[in-house]
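Dear colleague,

Please find below the structure for your files. My notes on it follow directly after.

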Amino acid sequence: MTENGKAIEVRNLTKVYPSKDAPIVALEDASFEVYEQEFISLVGHSGCGKTTIMKIIAGLLDKTRGEVLVNGAPVTGPKSSTGIVFQTPVLFQWRTVIDNVMLPIEILGLSKEQYYPRAMEMLELTGLTEFKDKFPRELSGGMQQRVSISRALVHDPSLLLLDEPFGALDAMTRGEMNMELQRIWSEKKKTSLLITHSIPEAVFLADRVMVMTPRPGRITDIIDIGLPRPRTPEMRLSVEFTECVREVGKTIGLQYL
Amino acid sequence: MVERFKELGTITFSLVLFTVIWELSVWVFSVSEFLLPAPSVVITTLVLKIGPLLQHCLVTFRETVYGFLMGLVLGVISAVMIVYSRLLQNLLYPLILVAQIVPKVAIAPLLLVWVGYGEISKVLIAFLVSWFPIIVTTVQGMRMVQPEMLDLVKSLQASDWQIFTKVRLPNALPHFFGGLKIAITLAVIGAIIGEFVGGNTGLGYLVMVANYEVNTPLMFAALIVLSALGLVLYGVLVLLEMWLIPWSLGEEEQQMTGFGM
């Protein structure tokens, strides 16, 4: 817990990728904060710097300028207090489901005996208990992504970073996964940053939605989503929900909404 | 499983059919034995000469396996060096490429001059032909790691050693086995080339001798034993692969690394 209750603080963050002809400004003066236990969605077109922000927060990428604090401390490199879920499940084909979930424990050198029950608990949370000894190729896309969520949570990180986790799934599975993620979040209350280019998904899950525009990547708006929790699939049809989606869409520059 | 048996049935049937047509053609057109012996004659020769055939086979087997194992060990070591050091990559790759481009049949006589007519020269040729596919596939396997996979383990502050043992090495295994399967068939060919060029044992030598004596049935018998040798060695690798990396085994990959050179 930090004193001011802020899990992430980003101030004037700029990232420039060097390039032969003209340097590419992936991110310009981005500033925002994420409070503890908050669920934030980050939406924007492809290539507007969403993943760059996430990678800098995760300590996987160096920033060009600006300040990034996670749990009150400046980010200097990767931290084990972060759990990441990528667009593809990124499962290790040679490991069974349970061994995939245990991977962070192995790498962090934590006690396997101590964390095994927790890994099993994560599998139960994502409904995969009976698949624990299967290999990834034996699972469907949605199940694979659930394994990857279990893996991101197993070492009890304080921050969950989700980089378009459901982008590769079909619409129906995606809707189910949204419900599942909401349930996991409300049970575990991890501060979460979800990157997506689905506006309804962003609105459905988030307390606040941050909108980014490309070239240079900027955060143009942060919109509060006042919808009550828990959110239900029916809510997607409500006027309030549609209003939120419309507002985010407008900010992003979608004319037809 | 039923499908598998059906497939097996079809393969057996085509082999039997081929043999029958061969046998009949030889009798009907009364082809002389030194041109094309009938399968029955070949099989008789095979049975009568099984002792010497197996003795020579054992020699070729030894040369092939030693050469292959040398290729495996040195191939993996070179692959790791290439992946982890740009300097070594630039130093080694041209050499490896040259070694691969030079036709092994052409340098076989040179090797014989250098190390003599014994088994060592054959082992060396088998090694030379088999290490290249092992290096190339192992390097590829260790390099072709999904970038997110590296991001994931780096986000957990994995050490270089952990990245090697937990990511690159297992990731390379399916490619590595693909390379091994190509290498083993090439190693048999390498050993035979060596025996052709000079020597006094091995199935390649036997084929040459049978050729000089115009003993075509013996040549065919030797060829059958030789094919069986290649098949068994290949099969052992397939079984090893199934046992060691049951999580892999893509059908497409199986087909890609078939026989032949």
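In chain A, 14 residues of domain 1 are in contact with 10 residues of domain 2, two residues being in contact if their C-beta atoms, placed from the backbone, lie within 7 Å. This is a predicted model, in which local features need pLDDT of at least 70 and side-chain atom pairs count only at pLDDT 80 or more, while totals for chains, interfaces and linings use all residues. Residues are numbered from 1 along each chain as its sequence is written, and chains are lettered from A and ligands numbered from 1 in the order in which they are written.

Domain 1 of chain A comprises 1-81 + 165-257, and domain 2 of chain A comprises 91-157; these bounds come from an automatic or database domain assignment. The centres of the two domains of chain A, taken over C-alpha atoms, are separated by 25 Å. On the side of domain 1 of chain A that touches domain 2 of chain A there are six nonpolar, three polar and five charged residues. Here Ala, Val, Leu, Ile, Met, Phe, Trp, Tyr, Cys and Pro count as nonpolar, Asp, Glu, Lys and Arg as charged, and the others, Gly among them, as polar.

The contact between the chains takes 16 residues from chain A and 16 residues from chain B. On the chain A side, β6 (82-85) and α2 (97-108) are the elements that give two or more residues, and α2(A) gives the most, with three residues. Helices (H or I, at least four residues) and strands (E, at least two) are DSSP runs, numbered from the N terminus. By class, the side of chain A that touches chain B has 11 nonpolar, four polar and one charged residues.

Chain B has 11 helices and zero strands. The C-alpha trace of chain B spans about 75 × 55 × 25 Å along its principal axes. Of its 261 residues, 36% count as buried; a residue is buried if 20 or more other C-beta atoms lie within 10 Å of its own, exposed if 12 or fewer, and partly exposed in between, with C-beta atoms placed from the backbone.

Two helix pairs in chain B deserve mention. Helix α3 (residues 50-84) of chain B packs against helix α10 (residues 216-244) of chain B at an angle of about 40 degrees, with their axes 10 Å apart. That makes α3(B) oblique to α10(B). Angles under 35 degrees count as roughly parallel, over 145 as roughly antiparallel, 65 to 115 as roughly perpendicular and the rest as oblique. The axes are lines fitted to C-alpha atoms, for helices over the stretch in contact, and angles run from 0 to 180 degrees between N-to-C directions. The contact of α3(B) with α10(B) has eight nonpolar, two polar and no charged residues.

α3(B) also packs with helix α8 (residues 160-197) of chain B, at an angle of about 130 degrees and with axes 9 Å apart. These helices, α3(B) and α8(B), are therefore oblique to each other. By class, their contact has nine nonpolar, six polar and two charged residues.

Finally, some backbone details of chain A. The peptide bond from Arg229(A) to Pro230(A) is cis, with omega near -5 degrees. Asp29(A), in strand β2 (residues 24-35) of chain A, has a positive phi near 50 degrees, although it is a residue other than glycine.

Yours sincerely
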